[in-house]
Amino acid sequence: MQLNITFRQFGASDSLKEYAREKVDRVNRLLDRAGEAHVVLSLERHLHHADITIHSGAWVLRGREKSDDMYASIDLAMDKIERQLRRYRDKLKSHHGKEKVHHRQDLVRVRHDVFEVHEPEETAEASAPAAQAAPAAQAPVAESGVARLVRTTHLAIQSLSVDDAVMQMNLMNNDFYVFQNQQSQALSIVYRRKEGGFGLIEPHLPEAPVAATGT
């Protein structure tokens, strides 16, 4: 299996590289088809993030976790991948023969933007009593709810059944998955419901009115 390891916001570590490689190799032994793996290790706000993606044929397995220790984050991310792999191992085997039907048959690429919103901190002038500051000296209050783009992901859309889309969503440990519904040929979204189970969203075009015929 080809393995790529990327370090962000902190220096590369040979011990972390070897640790991640051992973890990925252990999962690779459970796969019928070796593919490629991408490991991104990053430090954000004093938290250690591990983002691990493994490709096996047409399927993608992904685990993302964060903790106070990078080794622990790698363990937690790989635990997620192993749980889904063991859950769907038989289905993955049965689908390998069908890969030529949907593998890399991308309908379109969609962009997924992730934003975070920061509420501006209250300034000293704004928090002080009005009697202590003249109106002319007060600084303008910053606009609240300013959104900042965190990351952008480009998703390749595949033609799948609804059941296969749910399986792919679970293999990636995602809360949603965008795909082309093989039955309706519509661009659809399957998502995880807070109440349990899954939901399906797809466009619905109203039927055209039947034109009245004259006599």
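How many strands form the open sheet, and in what order do they come? Four strands form this open sheet, in the order 1-2-3-4, and their pairing is mixed. The model is predicted, so local features need pLDDT of at least 70 and side-chain atom pairs count only at pLDDT 80 or more, while totals for chains, interfaces and linings use all residues. Residues are numbered from 1 along each chain as its sequence is written, and side-chain values use heavy atoms, with hydrogens and water left out.

**The sheet**

Strands (E, at least two residues) and helices (H or I, at least four residues) are DSSP runs, numbered from the N terminus. Two strands pair if DSSP finds at least two bridges between them. Strands of a sheet pair through backbone hydrogen bonds, either parallel or antiparallel.

Strand 1 (2-8) and strand 4 (59-67) stand at the edges with a single partner strand each, so one side of each has no neighbour in the sheet. From one strand to the next, the twist averages 10°.

Strand 1 pairs with strand 2 (residues 36-44) in the parallel sense, over seven bridges. Here L3 stands opposite A37 in strand 2. Helix 1 packs on this sheet and touches strand 1, strand 2 and strand 3 (47-56), where contact means heavy atoms within 4.5 Å. The direction of helix 1 makes about 140° with that of strand 1; axes are lines fitted to C-alpha atoms, for helices over the stretch in contact, and angles run from 0 to 180 degrees between N-to-C directions.

Strand 3 and strand 4 pair in the antiparallel sense over nine bridges, and D51 stands opposite R64 in strand 4. Their hairpin has two residues between the strands, and G57 takes a positive phi near 65° there.

**The aromatic pairs**

The structure also holds two aromatic pairs. Rings of Phe, Tyr and Trp (its six-membered ring) pair if their centres lie within 6.5 Å; planes under 30 degrees apart count as stacked, over 60 as edge-to-face and the rest as tilted.

| Pair | Centre to centre | Angle of planes | Type |
|---|---|---|---|
| F7 and F10 | 5.4 Å | 80° | edge-to-face |
| Y19 and Y71 | 5.1 Å | 80° | edge-to-face |

Y19 lies in helix 1 (residues 14-28) and Y71 in helix 2 (residues 70-95), so this pair ties together parts 52 residues apart in sequence.

F7 counts as buried because its relative accessibility is 17%, whereas F10 is partly exposed at 24%. Y19 is partly exposed at 22%, and Y71 is partly exposed at 31%.

Notes
Buried < 20%, exposed > 50% of the residue type's maximum accessible area, 1.4 Å probe, protein only.
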